[in-house]
Each structure stands twice: as structure tokens, then as C-alpha cells.
Amino acid sequence: MADREWILLNPGPANTTPTVRAALVMPDLCHREPECFEMMRCCRDRLTRLAGATEDWTAVLFAGSGTAAVEAAIASAVPPGRAVLVVDNGVYGDRMVRIARAHGIPVTTVHADIFTPIDPAVVETALIGQPEVSHVALVHHETTTGLLNPVEAIARVADRLGRRVLVDAMSSLFGEPLDVAADGIDFAMASANKCLQGIPGIAFVIARRSAVEALKGQPPRSVYLDLYHHYVTQEADNTPFTPAVQVLHAMREALVELEAEGVAARIARYAENARVLRAGMAALGFEILVPEPARSHILTTFRLPPGVGYDALHDLMKRRGYIIYAGQGDIRTYAFRVSNMGTLTPRGMEEVVAAFGEALEELGVSAGARG
Ligand SMILES: Cc1ncc(COP(=O)(O)O)c(C=O)c1O
């Protein structure tokens, strides 16, 4: 039973404020009444503004997890007969490849290993050699490891070569500096339950209006995830399908709280959280696997102490109230992840480090990287 308060060190859903959670409890509301449309409009406007975009941009909401927004953007943006180039250096890049394939969209990739950001020059070479590619799709913050890809540099390359960019900013929007409106970018996808500190159930696409309007008349590859259909309907203060009404209400509260904190201040808090965590964990002997210049301020992948399995460390931390996160794929065998998004504070991160220290003591091991 989820009947106690956990400190969530998984990269979303993140801990939320009591006021965001309380906003879930509201009078029942018909989703086709003006009160609901007003709430949708308010969320869309705030999302666009807080993402730093102008009037030439909009936000389109979907009921679904974050992947709904990624799938809607990819399935809708790439015109028939054209291809998408996916930057693949982690689980979420790979997911974009699978989405494109599932919709029958020709897809090619540029690869790097999970600890290495993609070099924009490699994207440039790939685009020059592949004129059929209309769009580049990439993940800003690869949550697989906590790695940042150079979105703005890649967008500049794509723009120069006449291609458009889709950015999966799921685990970085509002937590890491990102200019969603940079030249070349048309769509940035994210969800309510990560750095926005809302409740899971809503995904959204921050869209350049000219790009979403250009989709008019393009045959949809999906009924539910048709970005243009959602856009025109939401623009008319309506909804094609039933939205997650209560989750929207909580998202509106999360947006109000983000505005009150300030996006820059939230980014700074996360950065300080990461600094405190990394300094404390380094003192305990933990090694960080992503090289320093490529690290986000949101998630850290640490090597497991020698001889310690993930489950043992997870369970010791859980007993202390903390939920750490396994690596995806093989990384699970040698590393684990700690996120510092959500309502966590630098003081709270000191407590996280202290709990890791106790866990090591109980295991009778050292984390291994101490000299
Ligand atoms: C970078 C990235 N993209 C996409 C997703 C998919 O989100 P969801 O599990 O909400 O569908 C996640 C989730 O962690 C993510 O981190």
C-alpha cells in the first residue's frame, strides 16, 4: 500500500506539494463545460509562457503518459514519403526509433554510447547524406543515465540544412536551461509529472504554431495521437477526447507554483540539489558514470559498490523512506540512479547522502571509489 510518504529519488513521478495533491480533490466537472475549457486554456497558456516561448508558440495537451506526446509529435510531424533521423544514445532515443517504425515512418539513426552526448557534426554529416530526412528527433536529457545532448547546437545544424527538430524534453523542461523556441525546433514534448512537479496523466507538446498549422490536411497516422486534431480542437476551447480533468486541475496548481518559484530559481534549486548529492556521494566513495561536462542537474548514475546488488541497496534505502531507481537494461547490474527533481531541497539531499552512508555501513562495504 502506498500509505506512507516516500522521498522519490526516481526521475518522475516526483514528489509534489500538498497543495498540488489537494487540487486533485475537486467538485466533479463535465469536461465539455466552459469551466473545464478555461482550465485547459489556462494550463496551455502558462505552459507556453513558462517554457519561455512567445505568442508564435502554443501547447497541446494529451491525456496519457509522456510517451503519448512523443508519439503524437513523431507520428504527426513527419510528412508521407519523408524520414526521421533519431539521435540514439539511450532508452528514450531508442523509444523514438520504435515509435517511428510502429507508424511505418522511415527512420535512420546516429548513435553514441549511453555515456556520450551526440556530436552535432555527426548529425550534420548524416543530414547531408540523407535528403529524405525532414526531421531530427532527439532527447534533451537522456534519463537512462542523466546525460545532456547538445540540443541547441543540433537544432542549429538542422536549421541550416533546412530540417526541423523534435525534442523530447520530458525530464528536463523546467529543470534544466532549454530554449524550446531556438531556430530549428518545432516541437518539444514533456509531461506534468517531472520537473513541473504535477501529477502523472498529462503529456503535452510545446509547438511552433506555424509548424502545427502546417499539418492541416496531412493524413493522420493515429486517431488518438493526432497532434493537429488536438490543436485545432483545443484552440476552439474544446477537446476531441475526455481529458484527465482532475490531473489538469492539479497541473494548473503546479504551474502556479512553478511561476511563483520561478523557472530560473527551480533550475538553480535542482542544480544545488545535484551539487550537494554529488559532493556527499563522492565523499562516501561513489563513482559517477557520466563525465562531468555532459551531466544534467537532475539525475545522477552512480556505480554500485563492489559486491552489492541493486536490490539490496534499494531495500536498505526504502526502509529509510527513499526510493532509488534501477538502471535500465544491463546498467542495472552495475549502477543505480538518483534523481533530485520534485520538491527536494539541498537540505533534503544532505539527508539522502546520510541515508546512503548508513546503508553502506549496514552492508559493511565502502562504495569503492575512495583512494
Ligand atoms: C526522456 C524521457 N522520454 C520519455 C519518457 C516517457 O515517459 P512516460 O513513462 O511518462 O511515458 C521518459 C520517462 O521517464 C523520459 O525520461
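Colleague: How far does a polar side-chain atom of Tyr 92 lie from an oxygen atom of the ligand?
Modeller: It lies 3.3 Å away. That pair is a polar contact (a pair of N or O atoms within 3.5 Å; within protein, one must be able to donate a hydrogen and the other to accept it, and residues adjacent in sequence count only if both atoms are side-chain atoms). This is a predicted model: local features need pLDDT of at least 70, side-chain atom pairs count only at pLDDT 80 or more, and totals for chains, interfaces and linings use all residues. Residues are numbered from 1 along each chain as its sequence is written, and side-chain values use heavy atoms, with hydrogens and water left out.

Colleague: And how far is a ligand oxygen from the side chain of Thr 143?
Modeller: An N or O atom of the Thr 143 side chain is 2.5 Å from a ligand oxygen. For Lys 194, the distance is 2.8 Å. The protein covers 85% of the 390 Å² of accessible area that the ligand has on its own. Areas come from the Shrake-Rupley method with a 1.4 Å probe; for residues, only the protein chains shown count as cover.

Colleague: Which residues are around the ligand?
Modeller: Among them are Ser 65, Gly 66, Thr 67, Arg 95, His 141 and Asp 168.

Colleague: New topic. Where is the cis peptide bond?
Modeller: The cis bond joins Gly 12 and Pro 13, with omega about -5 degrees. Pro 13 sits in the loop between β1 (7-8) and α1 (18-22). Most peptide bonds are trans, and most residues other than glycine have a negative phi.

Colleague: What is the phi of Phe 174?
Modeller: Phi of Phe 174 is positive, near 75 degrees. Phe 174 is in the loop between β8 (164-168) and β9 (185-191).

Colleague: Why does Gln 197 count as buried?
Modeller: Because its relative accessibility is 5%. Buried means under 20% relative accessible area, exposed over 50%, partly exposed in between (1.4 Å probe, protein chains only). Phe 174 is buried too, at 3%. Gln 197 also has a positive phi, near 65 degrees, and belongs to the loop between β9 and β10.

Colleague: On to α8. Which residues in it are buried?
Modeller: In α8 (residues 227-235), Leu 227, Tyr 228, His 230, Tyr 231, Thr 233 and Gln 234 are buried. Their cover includes α2 (34-50), β2 (57-63), α3 and α7 (209-213).

Colleague: What caps the N-terminal end of α8?
Modeller: Asp 226 does. One of its side-chain oxygens lies 3.2 Å from the backbone nitrogen of Tyr 228. Asp 237 follows α8, and its phi is positive, near 50 degrees.

Colleague: Is Arg 208 buried or exposed?
Modeller: Arg 208 counts as buried because its relative accessibility is 17%. Arg 208 is in strand β10 (residues 202-208). Leaving aside neighbours within four places in sequence, its contacts (heavy atoms within 4.5 Å) include Asp 56, Trp 57, Arg 164 and Asp 183.

Colleague: Last one. What separates the C-alpha atoms of Arg 49 and Glu 259?
Modeller: They are separated by 9.6 Å, although the two residues are 210 residues apart along the chain. Arg 49 is in helix α2. Arg 49 is partly exposed because its relative accessible area is 46%.

Technical notes:
Helix = DSSP H or I, 4+ residues; strand = E, 2+ residues; numbered from the N terminus. Near = heavy atom within 4 Å.
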